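The paragraphs below go through the rings pair by pair.

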Amino acid sequence: RGEEVTVGRNLIAPENVLTEDVKVVFKAIDCDGDGYLNKTEFVNALYLIKLFNKEEADDLFIKADYDCDGRVGFDDFLKFVRKYKLFLLQNDTTDQTQNLQSKRVGFIN
């Protein structure tokens with residue numbers, strides 16, 4: 001099932017954001033494939049939105065790290081997406097998912 005990844009600050013999401021859709025986004029931004037988003041992976045994904053400065057991105061990482069272990073697991077990420085309505089999937093194409101994955105090269109560290 002191909003879907004377009006749309007990242008943005010002002011997207012409106014239904015209350016029941018589908019877990020499978022969020023998994024697609026999570027896997028796309030989990031650059032090292034370890035099942036967690038470290039701060040660099042998370043912040044770099046936010047930089048793709050280009051609406052966040054460093055301080056905002058750092059703050060959002062802290063908010064997404066619900067269990068305070070210094071990384072964002074899938075459960076943390078799902079809670080974060082549902083609360084803040086970021087990293088949502090829309091439409092039926094794979095173009096944006098592939099675009100998000102291709103931007104791994106050149107992420108700002």
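Rings of Phe, Tyr and Trp (its six-membered ring) pair if their centres lie within 6.5 Å; planes under 30 degrees apart count as stacked, over 60 as edge-to-face and the rest as tilted. This is a predicted model, in which local features need pLDDT of at least 70 and side-chain atom pairs count only at pLDDT 80 or more, while totals for chains, interfaces and linings use all residues. Residues are numbered from 1 along each chain as its sequence is written, and side-chain values use heavy atoms, with hydrogens and water left out.

A search of the whole structure finds five aromatic pairs. In one of them, the ring centres of Phe26 and Phe74 are 5.6 Å apart and the planes stand at 85 degrees, so this pair is edge-to-face. Phe26 belongs to helix H1 (residues 19–29) and Phe74 to helix H4 (residues 74–84), so the pair links parts of the chain 48 residues apart; helices (H or I, at least four residues) are DSSP runs, numbered from the N terminus. Phe26 is buried at 5% relative accessibility, where buried means under 20% relative accessible area, with a 1.4 Å probe and protein chains only. Phe74 is also buried, at 17%.

Phe42 and Phe80 form another edge-to-face pair, with 5.4 Å between centres and 75 degrees between planes. Phe42 lies in helix H2 (residues 39–49) and Phe80 in helix H4, 38 residues apart. Phe42 has a relative accessible area of 0%, and Phe80 has 0%. Together with Phe61 and Tyr84, these two residues form one aromatic cluster.

Notes:
Helix = DSSP H or I, 4+ residues; strand = E, 2+ residues; numbered from the N terminus. Buried < 20%, exposed > 50% of the residue type's maximum accessible area, 1.4 Å probe, protein only.
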